[in-house]
Each structure stands twice: as C-alpha cells, then as structure tokens.
Amino acid sequence: MSRLRTSLSVAIVISVGLIVLGGYFLDIPMLNTLQIVFLRWAALLGAVALIVGVFNLFNVHLRKINTGQKGSPYSLILLIALIATVLIVGFLGPTSFWSMWIFNYIHVPIESSLMAVLAVVMAFAGARLLGRRFNAFSIIFILTALFVLAGSISLSFVDFPVLAELRDWIDRVPTTAGARGILLGVALGTVATGFRLLMGADRPYGG
Amino acid sequence: MSQIHLFELSFAGLFFVLLILFALVIRKRPEKRLREIPAFAHLGRSVGLAVEAGKRLHIALGYGGVNDVQGASGLVGLTMLQRIARAASISDRPPIASSGEGTLGILSQDTLKSSYQAIRSENLYDPIYGQISGLTPFSYAAGTLPIIMDQQVSTTVLAGHFGSEVALITDANERVGSQTMAGSDNLEAQAVLYVSSQDPLIGEELYASGAYLNAGLMHQASVRTQDVMRWVVIAGILLGGLLKLIGVIE
C-alpha cells in the first residue's frame, strides 16, 4: 500500500512538473492553460500550508505549556498574542485602528529590537572569526569589511575622497565578480535539484 | 519559440543529457572522487557523537517556500534531514527540524515520518519533531532559539533560505557550545554564515550535500554535471565578452 502511494506521488510530481516546465518552453495553448491552473493550485496550497503552519506553531507551544517545559510562560504569552491578533485582525480587518496599533506598536518595535541585537551579534561574530579560522581568507574578509565600513562613514571633519572611490571600486568589481560566481553555482545547484525532483530521485514527500 | 526560450531549452536539455550520462557511468563504475569539504566530514562525526552522548541534532530548513526558486535550498535541506534522521532517529533525543514556511514544515514532517518508517520505527515518530517555529524571518529566528537553548542540541545544520538574521541562530549555538554547519542560497546569509558558523558551505557546496551524505546515484551524477556545466557557462561568458569586444554583438 505504502509502495503504491509512493509510486502514485512520484507519478503526480513528474507529470505536473513536466507540464509546468513544458508550458514555460513550448507555445502550446493547452499546455499553457494547464500550467497556469497548476501554478494557481500551488499558490492556493501554499496559503493552506500557511494556515497549517499556524496550527503547528499553536500545537508546539500548547504542548510546551501542558508538559511544563522550560520557557512555557513565554509560550503562554505567544498563544494569547496569537489568538488576540487573529481575533482582532479577523473581525476588525487588517487596516483597522487596532490592527495597525498591533503592527506599529508591537510588531515593528520587536523586529527593530531584534535588528539592533543582530548588529551587535554580527560585530561579535566578526571579532570571533579570526580566533576560529585564522587564515588568509578570514583576514581579507575582516579587512574588507572594515574598509567598506570606514568608507561608508560620513564624518564632517574627515574627508578622504580616495577612500570612498576605493570602496565603490570594491563594491563594483571584486564584490560583483565574487557574487556572480557564487550565484552561478547556486543557480546550477537549483537546476540540478529541480531535475532530481522531476526524475523522482529526490522525494521530499515521504517517498 | 523565441530565441531566448530556445537557448534555455538547449541549456536544460544539455543538463539533462549529462545528468543521465553521468548516472549511467557512475552506476557502471562506482567511484568516490569528491573533493574534501571539511563540513561534511565534521557532520558525520557529529551525528555519531550526538547518538552516543544522547544529544539532539537540529536541522534548520529556513523559510524559502517550495513554490519559489528559493525552495531549492530547502529541498536540499530536506535531503540532509532524511539522511541525518535515518542515522540518528534511534537516539534518546531524535533529530528535530525547524522551518519558517508552511509547505516546508509539512514536508519536514513527511520526511521525518518516512525516515522512521524506513528504519521500521514508526512508533517513535512524533509530529512535533518537524516544527514551524515562526512565519516571518525574525520570528523564525526567534522561535528557533528555544530549540537550541533548551533541547540539548549538540549540532545544528542550517540548510535552506535565510537572511542576515541567521546570525541570531548561530550566536545561540555558539553560546550553548554546539557545532554549526551552515549553507544558504542567499548571498547575504552566506556572508554572515562565513563569519559566524564553524563549518560554512559556500555557493554550490550546499547543493552537493546529497552526494557527500550518500543520498544516491543521482546526487553524485548531479555534482559531476554541475562541474561540467560550470565550464560551459564560463566558456559562454568568455565567448560573449569576446564577441562584444570585436563588435559582433551589441
């Protein structure tokens, strides 16, 4: 039974994948229509998965409270906030006064605080890098980061146009070249992953 | 069919043919000549040590939706999850997967379930091992921290789509003294991970993980195909530059 289910899943994935890919390359009206239909279904399933995700989040924290795990008071706060937000946004609408109040006075400050923490965490990580991996690449990485930072700071009493020009050159030439090289590798990896899925070699759906 | 589509189709066709060709060659003459990536050697040791010490492995899949191009890195993460789960599911503390996107969360549960079925231990599977810890980048990072801090995680594998907020996750690992192996498709995250993780995977190294974790013939074939196609792309770029230089194309 399990094998039959796996074979059926693989057949559906391969056929739908081929239709969507074929609709992109070939100008056949029926194939193009099917491609649009499948892509719409995928968007719809994505939205349903988001709701499932919220339920999963709810379940994880509810279980944490029930079993009295470490940090369960925070889970309780999360559940109360989740229910309150769903009720307020659901009944009053996403652009109502209270919905916007939640967004502006709770959501935005929390994310901004995390962003501020992130800046400190990244500075510490940079400082720790040389202790962890002391090699030429790490030294180049840290020196470049410091140099670009120094070139970006605007101080009224210091003016080094050469520094700004050099920073622009680093940004334009070596950074762009390196980034494109990495992105080409990522793109090739993405294509390979797509083909493995289409061939049924990768089955992340329980196969 | 437009000229661009014809070019894309040729590229995809060549990729596919090479993939099949290398799969046939490797099936006939199985050989392991992959260049050494320290992160994968460390991961093998970490899995063994976690099982022995009764510690947990955490696989963070990021928040790239599978409907999107970012989803490919999440799918690679699922392959890693499958391999790790098969090796460490019998541990006192089974591996846990966290994700920040609905479909990825469902797929992580499905992958874990099938891994338990493969080792005939379905009764040990609990859906809570595949968690969705937050649905926005920062909430995902914040929701992942308690897993690392409270669940005796010895190694965290980050494989998926992340942003710069991934530094919060790697910092939590650093504080509890656990190992971090990390790769992402996002350039910003790669720069952060290079600085903050013990074993960063740069660029396409993440996509080669299946080959290094013995996930199958096609994974090894795709690594070889990627190597060949990289040279094809380089040749194409050089040829394009040359043609532009001599004025054949504008």
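How many salt bridges are counted between chain B and chain A?

Modeller: The count between chain B and chain A is 4 salt bridges, a salt bridge being a side-chain nitrogen of Lys or Arg within 4 Å of a carboxyl oxygen of Asp or Glu. A salt bridge joins the side chains of A:Lys70 and B:Asp150, at 3.6 Å from N to O. The model is predicted, with local features needing pLDDT of at least 70 and side-chain atom pairs counting only at pLDDT 80 or more, while totals for chains, interfaces and linings use all residues. Residues are numbered from 1 along each chain as its sequence is written, chains are lettered from A and ligands numbered from 1 in the order in which they are written, and side-chain values use heavy atoms, without hydrogens and water.

Across the interface of chain B and chain A, 14 residue pairs are in polar contact, both residues at pLDDT 80 or more. A polar contact is a pair of N or O atoms within 3.5 Å; within protein, one must be able to donate a hydrogen and the other to accept it, and residues adjacent in sequence count only if both atoms are side-chain atoms. Several elements of chain B each supply at least two residues to the side that touches chain A, among them α1 (3–28), β3 (130–132) and α9 (217–245). Helices (H or I, at least four residues) and strands (E, at least two) are DSSP runs, numbered from the N terminus. The largest share of this side of chain B, 9 residues, comes from α1(B). By class, the side holds 35 nonpolar, 24 polar and 10 charged residues. Here Ala, Val, Leu, Ile, Met, Phe, Trp, Tyr, Cys and Pro count as nonpolar, Asp, Glu, Lys and Arg as charged, and the others, Gly among them, as polar.

The contact (heavy atoms within 4.5 Å) takes 69 residues from chain B and 56 residues from chain A. The size of an interface is often given as the accessible area lost when the parts come together. The two chains bury about 5300 Å² between them, 69% of it on carbon and sulfur atoms; this buried area is the accessible area (1.4 Å probe) that two parts lose on being put together, summed over both. In chain B, the residues that lose the most area to chain A are B:Phe138, B:Tyr194 and B:Val195, together 13% of what that side buries.
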